Amino acid sequence: MSGFDNPFDPDHILKRGGCSCGQHASQVAHEQAVLADEEARIGRVVESTVMRALFPEDTARRNFLRAVGVSTAMAAVSSFFPLAAAKALAAERAPLEKTDLKIGFIPITCATPIIMAGPMGFYAREGLNVSLLKTAGWAVVRDKVMNKEYDASHMLSPMPLAISLGLGSQAQPVNVAAIENINGQAITLALKHKDKLDPKSWKGFKFGLPFDYSIHNLLLRYFLAEHGLDPDKDVELRIMPPPDMVANLRAGNIDGFLGPEPFNQRAVYEEVGFIHTLSRDIWDGHPCCAFGVSESFAKANPNTFAALFRAIASATEYAHKPENRADIIKAIAPANYLNQPIPVLEQVMTGRFADGLGKVRNVPDRVDFDAFPWPSMAVWMLTQLKRWGYLKGEVNYKQIAENVFLATDARKRMKEMGLKPPASDYAKYTIMGKVFDPAKPELYLKSFKISRA
């Protein structure tokens, strides 16, 4: 459900797609029209928030509106809740400390909300003039954020944890303001390994990974270890920029990679590889990339930081809806962004794709988008960083997770926007059949047979 849907339309179900006013060809066109008018957008969010609070069950709201009519309903609600005043207060935002911003990104589909927020106007609607800067690799992203060359950036979700803890660089507080994408990665192997589908046969393989402090590294290590392979002894892990993975696979420099899209699908498209395992099949709903901001920037520019969050969260909510994906693909495909063929992006974003083994698969949630920065996800990452020797000594999991993943701030701002954040910061996850309880990280860590901890 969008926070921009019309809550005073009895014929519109707030929890379903489709144009809510009947004046547009699709709900995509409807929402773009509403979003284009800043005053209408703010008013709609206020109205939706109030009506959801009054009518938790959507059927009751619709029956009420049909019984009394829209005008009477609005008058009745306004008699005990000052809608006009609330809209005025919502519209009165503090002036932005900085409007011209530089934001870095790596050209992968994980960055979709950050990228599309430019050409599709999400930044502009918040009064921001954003320069989106394509960047060569994750170490470069880290350095440019730390050197204040970028105001904010697309990051791998473990990166802010690593930078804040001084892993691989000097320690500098960096926050995860929002998660960008969930799922959307895969293990891809060279076509010559079609007869080696059993991971136990991968001993001696060379795998490409985008960065040490990446969900890709942590998931591949986990996957290999669950199949009895020691990722530090039985295979070779090589760090390389995602755009180089397909070329290295073709050249025979690597046997496979666990990488971001669209490069798994690009390997199939170029007939050099096949998709072995989607990352959702390792951990369904896992985080991948994040919107990272240095703590110093957020503190020095609180209003700009709030505007950035609104733009990114709105874009992420928009990208979550399958009916919007076609327009998004057109926005992010050009050379200055992903520089990818439309058919490749369509297979990734729709979930209907060729796997390189002669099958066409239909996995609608192959990639998805969810902005909430769960501290429980950060706790899992910390256990794996410790498991593989990146993080040593005693670890205050909860404190680190909550200092870096700004769940409290995200929840507050999402509610202001009419979006519905989760009620809790912590959840249990099932990863390859094994339950992770974020309240018991050390017990979880000790349960692994293959570990450096």
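## Close-up views of a predicted model

The structure holds 22 salt bridges, a salt bridge being a side-chain nitrogen of Lys or Arg within 4 Å of a carboxyl oxygen of Asp or Glu. This is a predicted model, in which local features need pLDDT of at least 70 and side-chain atom pairs count only at pLDDT 80 or more, while totals for chains, interfaces and linings use all residues. Residues are numbered from 1 along each chain as its sequence is written, and side-chain values use heavy atoms, with hydrogens and water left out.

**View 1. D151 and K98 meet in a salt bridge.** Their N to O distance is 2.6 Å. D151 sits in the loop between α8 (138-146) and β3 (152-156) and K98 in the loop between α5 (83-91) and β1 (100-105), so the pair ties together parts 53 residues apart in sequence. Helices (H or I, at least four residues) and strands (E, at least two) are DSSP runs, numbered from the N terminus. D151 is buried at 9% relative accessibility, whereas K98 is partly exposed at 33%; buried means under 20% relative accessible area, exposed over 50%, and partly exposed in between (1.4 Å probe, protein chains only).

**View 2. R221, D230, D232 and R452 are linked in a network of salt bridges.** Within this group, the side chains of R452 and D230 come together at 2.7 Å, N to O. That pair links distant parts of the chain, 222 residues apart: R452 is in the segment after α20 (441-445), and D230 in the loop between α10 (215-226) and β8. R452 is partly exposed at 34% relative accessibility, while D230 is buried at 9%.

**View 3. Five strands form an open sheet.** The order is β8-β7-β9-β6-β10, with mixed pairing; two strands pair if DSSP finds at least two bridges between them. At the edges stand β8 (236-239) and β10 (273-278), each with a single partner strand, so one side of each has no neighbour in the sheet. Strand β6 (residues 185-190) runs antiparallel to β10, joined by 5 bridges. Look for T188 opposite I275 in β10.
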